[in-house]
Amino acid sequence: MGMKTKIALGAVVGLVVIGAVSANSGDGGGDGKSDSRTSASSGENSGENSGGAKSDGTDGKSDAKPAEDKAVEKASQADQFKAFVQKNGTAAEKDAISHVTKVQGADEQNDILDAADVYTDFTGGIMGEGTGPANLIASAFADWKQSENGLVTVYDADGELLGNGEF
């Protein structure tokens, strides 16, 4: 090999190593846990476990509102959706939402191609009674979740398509 070839090959290998290192030093959004997450969570716990006042002047105790948020997060996606519509929806949306039995895919969003499924207790498929309420359900879902490229599909009790909409 000539000297120029060795230098070019060394530069390519160097760039590949730098690229691999920078790709692995991301924000910890992958499947593995990063050290920064662990140290941040241990820093948060140290203020609460010490029993004293935190550095921000609070006593380290939280009010009931964060506990309510945790309860909503632990609720099923259908329950979260129903709670949102009960709080923010119109009367027609609230009536349509009472027929929702299951919601899937609402918590997994990447803004590339988000797909959510809403199952109801309506019968009759696209020619049945649930087509109108399905449009209301899809609209309410779009108010609840936002995505760059999302599609919500509403199904009846037999798994037949009732309607869909973008969110």
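In which sense do β2 and strand β3 pair, and over how many bridges? The two strands pair in the parallel sense, over six bridges, with β3 spanning residues 150-155. Pairing here requires that DSSP finds at least two bridges between two strands.

The model is predicted, so local features need pLDDT of at least 70, side-chain atom pairs count only at pLDDT 80 or more, and totals for chains, interfaces and linings use all residues. Residues are numbered from 1 along each chain as its sequence is written, and side-chain values use heavy atoms, with hydrogens and water left out.

The protein chain holds six helices and four strands. These elements are DSSP runs, numbered from the N terminus: helices are H or I with at least four residues, strands are E with at least two. Their order from the N terminus is α-α-α-α-α-β-β-α-β-β. Of the 167 residues, 25% are buried. Buried means under 20% relative accessible area, exposed over 50%, and partly exposed in between, with a 1.4 Å probe and protein chains only. Contacts join heavy atoms within 4.5 Å. Among contacts with a separation of 6 or more, 51% link residues 24 or more positions apart.

The four strands form an open sheet in the order β1-β2-β3-β4, with mixed pairing. β1 and β4 (161-166) stand at the edges, each with a single partner strand, so one side of each has no neighbour in the sheet. From one strand to the next, the twist averages 20°. Helix α6 packs on this sheet and touches β1, β2, β3 and β4. The direction of α6 makes about 30° with that of β4. Such angles run from 0 to 180 degrees between N-to-C directions, and the axes are lines fitted to C-alpha atoms, for helices over the stretch in contact.

Strand β1 (residues 100-104) pairs with β2 in the antiparallel sense, over four bridges. Q104 has D117 of β2 as its bridge partner. D117 also stands opposite T153 in β3. Strand β2 (residues 114-120) has two faces: D114, A116, V118 and T120 lie on the covered one, and A115, D117 and Y119 on the uncovered one. β2, helix α6 (residues 131-144) and β3 make a right-handed β-α-β unit. Right-handed means that, with the strands pointing away from the viewer, the path from the first strand over the helix to the second runs clockwise.

T153 counts as buried because its relative accessibility is 10%. Leaving aside neighbours within four places in sequence, T153 contacts A116, D117, V118, L161, G163 and N164.

The largest nonpolar core has 21 residues. Such a core is a set of buried Ala, Val, Leu, Ile, Met, Phe, Trp, Tyr and Cys residues joined through side-chain atoms within 4.5 Å. F81, V100, V103, V118, I137 and F141 touch the most other members. At least two core residues come from each of α4 (77-88), α5 (91-97), β1, β2, α6 and β3. α6 gives the most, with six residues. Beyond neighbours within four places in sequence, V103 contacts Q77, A78, F81, D117, V118 and F141.
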